[in-house]
Amino acid sequence: MRTNAVPVAAMDYQDTILCPPSEALALHGQGPMERLIASDPEVHTDWAQLALQEAGDQEPGAFPPREGDDHLGLHIGRYELVRCLGAGGRGTIYLARDPLLQREVALKTVSLTGSLPERRAQAQAFWHEARAVSGLSHPHIVTLFDYGETDDGRFFLALEYIAGGTLRTHLARLRDEGKMMPIEEAVALLAQAAEALEHAHRAGIVHRDIKSDNIMLTADGRVKVTDFGLAKLRGAGTLTQAGSTVGTLAYMAPEQMRGEEVDARADLFSLGVVAYELLTGRLPFRGEHEAAIMYSVLHEEPEPLEHHRGDVPAA
């Protein structure tokens, strides 16, 4: 197994994609970049289970992983899996234990797709971005402890495990209790997220997917910005072509939505959307489908905050 341990780093694990079983089988036994397996639990269970059994990492029937599933006794590299934290078309995240350093980590597994040249380029981009964001050391950015590729061709990131959940889940709990987030709390959380973005921007990194799902809270309520998988790095190529869009529509800046070149201002726009969400419990730009959301972002003004709460200070 090849790994690259780093003392401190930022998270980089969102944009994972799939390798069909037929292509993975055809590539099996070639070089490490080409030995790409399917790890999506919902679509490619057959190949994922076969590959893991051949690697000696699991017993038959352990897949597909679902959120909350226990995986005690299974391994990816040196990491002992505890349970599945989340799974989908862009990869699987596990709570895992590092037996060497005796600590819990969030372990993200990554798969690739497309033609062989495309998969090779994506793998190179994965390494480049993981190494680049590993240079980010900030108290409000999730730490990347380790990243690597297993002998059977699986890419992984070992990240700081944040037990407090995301801002979105925190808002959902408040909503279930019939409460609004206090303005003072919202301002404090937004200030911490802004500090994290300022640090990334000074390093030439634009996040491009700031949203309440990508801002986590520690057990004591401190912000940790996560998921630099769509980040644009200064002086480097990206995973997207000119004119394409990446990110989450309801949080996306207009220029980003149009597929134009973006800079740090796009992240600030997205953070403004998060601010509105924290203060009102709803998104400023809404629609029943993607086209309606895009129209709202490009052409409509959000409702004033005062329409949703009466304790907003005068401007």
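Which residues of helix α8 (residues 290-299) are buried?

Reply: A note before the details: this is a predicted model.

The buried residues of helix α8 are I293, S296 and V297. Look down the axis of α8 and these buried residues fall within an arc of 95°, so they line one face of the helix. An α-helix has 3.6 residues a turn, so residues three or four places apart point the same way.

What does that face meet? The buried residues of α8 pack against α6 (254-257) and α7 (264-280).

The largest nonpolar core has 38 residues. Within this core, I215, F228, L271, V274 and L278 touch the most other members. Helix α8 is among the elements that give two or more residues to the core. The others are α4, α5 (183-202), β9, β10 and α7. The largest share comes from α5, with eight residues.

Leaving aside residues up to four places away in sequence, V274 touches L167, L190, I210, K211, S212, I215 and Y251. One of these partners, I215, is also among the core residues that touch the most other members.

Strand β7 comes next. It covers residues 155-160, and six of its six residues are buried. Strand β5 (residues 103-110) pairs with β7 in the antiparallel sense, over six bridges. Strand β6 (residues 144-149) also pairs with β7 in the antiparallel sense, here over five bridges. Between β6 and β7 lies a turn. The two strands form a hairpin with five residues between them. In that turn, G153 has a positive phi of about 90°.

From β7, a charged pair leads onward. Side chains of opposite charge can pair when their charged atoms come close. The side chains of E160 and K224 meet in a salt bridge, at 3.3 Å from N to O. This pair links distant parts of the chain: K224 sits in strand β10, E160 in strand β7, and they are 64 residues apart. Are these two residues buried or exposed? K224 counts as buried because its relative accessibility is 6%, under the 20% cut-off. E160 counts as buried too, at 18% relative accessibility.

A second pair joins D213 and R168. Their closest N and O atoms are 3.0 Å apart. This pair also links distant parts of the chain. D213 lies in the loop between β8 (205-206) and β9, while R168 lies in helix α4 (residues 167-176). They are 45 residues apart. D213 is partly exposed, with a relative accessible area of 33%. R168 is partly exposed as well, at 34% relative accessibility.

R258 is partly exposed, with a relative accessible area of 46%. E260 is partly exposed, with a relative accessible area of 41%. Elsewhere, salt bridges that share partners join R78, D98 and D146 into one network. The count of salt bridges comes to eleven.

One glycine deserves a stop. G221 is found in the loop between β9 (215-217) and β10 (223-225). G221 is partly exposed, with a relative accessible area of 32%. In sequence, G221 and G164 are 57 residues apart. In space, their C-alpha atoms are 7.4 Å apart.

Last, the whole chain. Its secondary structure comes to eight helices and eleven strands. Of its 315 residues, 50% count as buried. Consider contacts between residues at least 6 apart in sequence: 61% of them join residues at least 24 apart. The accessible surface comes to about 14500 Å². Carbon and sulfur atoms account for 52% of that surface.

Back to the starting point. Helix α8 has its buried residues I293, S296 and V297, and these pack against α6 and α7.

Notes: Residues numbered from 1 in each chain as written. Predicted model: local features only at pLDDT ≥ 70, side-chain atom pairs only at ≥ 80, totals over all residues. Heavy atoms only, no water. Helix = DSSP H or I, 4+ residues; strand = E, 2+ residues; numbered from the N terminus. Buried < 20%, exposed > 50% of the residue type's maximum accessible area, 1.4 Å probe, protein only. Contact = heavy atoms within 4.5 Å. Areas by Shrake-Rupley, 256 points an atom, 1.4 Å probe, with all protein chains shown as cover. Arc of directions from axis to C-beta. Pairing = 2+ DSSP bridges. Salt bridge = Lys/Arg side-chain N within 4 Å of Asp/Glu carboxyl O. Core = buried A, V, L, I, M, F, W, Y, C linked by side-chain atoms within 4.5 Å.
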